Amino acid sequence: MTFREVLTRRDGALYLEDVPVAELVRRFDTPLYAYSRQGLIERAERMRRAFGREPHLVAYSIKANMNLAVVRTFLDRGCGVDVTSRGELERALHAGADPEKIVFSGVGKRADEIDLALEVGIRMFNVESLEELAALDARAQELRKVAPISFRLNPDVDPKTHPGIATGLHTAKFGIPIEEAPSAYSRAKSLPNVRVIGVDCHIGSQLTSLDPLREALVRINETVLSLREQGHTIDVIDIGGGLGVEYSGQDDPPTPEAYAKMALEVLGSLGVTLVCEPGRLLTAGGGIFVMRALYRKANAGRRFLIVDGGMNDLLRPSLYQVEMRIETDPLRSGDPAPVDIVGPVCESTDCFAKDRLLPPVEPGDLVVVRDAGAYGFAMASTYNGRPLVAEAMVDGSRAELVRRRQTLEETWQAERMPVWES
Ligand code: LLP
């Protein structure tokens, strides 16, 4: 079962749910991110339903898209949140998250971040090193709290994804080697202000096969059994995020149902609460990135289409050399021809697609990147003096701005001239 298409064509024009993309652009201009509320809801509900009546928590990995309206949509559907910084934690709380449903991941938690998480009483810290464990115990002692923890175990499996988003190999900076689990858990047990409640792992992102995940979870299962033998209480297993989505039209990622079934097959007999941390799966397909075509040209036989969005607005194609599907609006008649779709940023890597077969496009036409709801706006910057773009959300035939475009002044507001200039 695939997800319902949220971006469709009607009489040649693109619609996000029931709103013409051209209307979104008339109202909110380009470049623009736009999200389908129903698309987001469908993804969250399918993920939650996939675990059925088994005790579970879908902790939305907020790094994928931290817009408050997006986060709120998931909170309203019963999701928790996976955070990696104070900024994400405060955002999650601001959006109305229940601290009991927040897990805190990441290799570099600072003392002030730990303090806030302890004060609000989050569900679990995913601890990534023994030094972090010591810091956590010390902060908790200072605040007269007990920190609920799991260790992020690195199972040393190859997630078979882009090297930039693989985390589960033993050479990665993430987690502690799975074979060191017994000593890490004993160490934790000896500390008065941490309480072991679980085990965590996350092997990478955009996984298009369940095999590496299964392999990781099989190792986790064995480890939990031996930890229990040693007298540790393991009530929670956080299986991380990483489920891939369809980007190019040929990815064929596993469904949430197959994912949950696999996790329950491997870990179901342990009687634990399963936490998962999907980011991309919940948001990618529910979002588009809309740009306007500016110019066409040919250099030494290469055809270029220059658009008004750049790598600063949507970094994924430049950073990971990934193919994302691109549509044009209006749909003009004529033979498709290969073209490089490039932005205005002064770097050759500012390229959304190379040799992409596109129907004829004229200046002013819309160029729309699909599946841009995850790690799109979240990774945007103001490089080349370009303000952060606007974000809109559509619900049926309604559309609202959920983040206004940054003004130019806002891009330099925090800066000041040093005194020697005055
Ligand atoms: N949990 C942890 C501990 C993570 O590090 C991540 C992602 C997730 C959950 C969520 O993974 P997801 O379900 O979204 O795959 N910028 C890259 C993706 C980086 C992922 C980082 N960690 C991209 O655009 O492909």
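The structure is a predicted model, in which local features need pLDDT of at least 70 and side-chain atom pairs count only at pLDDT 80 or more, while totals for chains, interfaces and linings use all residues. Residues are numbered from 1 along each chain as its sequence is written, and side-chain values use heavy atoms, with hydrogens and water left out.

S105 lies in the loop between β7 (102-104) and α5 (111-120); helices (H or I, at least four residues) and strands (E, at least two) are DSSP runs, numbered from the N terminus. With a relative accessible area of 6%, S105 is buried, where buried means under 20% relative accessible area, exposed over 50% and partly exposed in between (1.4 Å probe, protein chains only). Residues up to four places away in sequence aside, S105 touches D82, V83, T84, N126 and E277, contact meaning heavy atoms within 4.5 Å.

R144 is found in the loop between α6 (130-142) and β9 (147-154). R144 and N193 are separated by 49 residues in sequence and by 8.0 Å in space, C-alpha to C-alpha.

Helix α8 (residues 211-229) comprises 19 residues and reaches 27 Å from its first C-alpha to its last, close to the expected 27 Å; the expected span is 1.5 Å times one less than the number of residues. The buried residues of α8 include P212, L213, A216 and L217. Among the elements covering the buried residues of α8 are β9, α7 (181-189) and β11 (194-200). G231, which follows α8, has a positive phi near 95°.

The domain assignment gives domain 1 (7-35 + 285-411) and domain 2 (105-278), with bounds that come from an automatic or database domain assignment. The contact takes 8 residues from domain 1 and 6 residues from domain 2. About 750 Å² is buried between domain 1 and domain 2, of which carbon and sulfur atoms give 54%; buried area is the accessible area (1.4 Å probe) that two parts lose on being put together, summed over both. Between domain 1 and domain 2, 1 residue pair is in polar contact (both at pLDDT 80 or more).

Key:
Polar contact = N/O pair within 3.5 Å; in protein donor to acceptor, adjacent residues only side chain to side chain.
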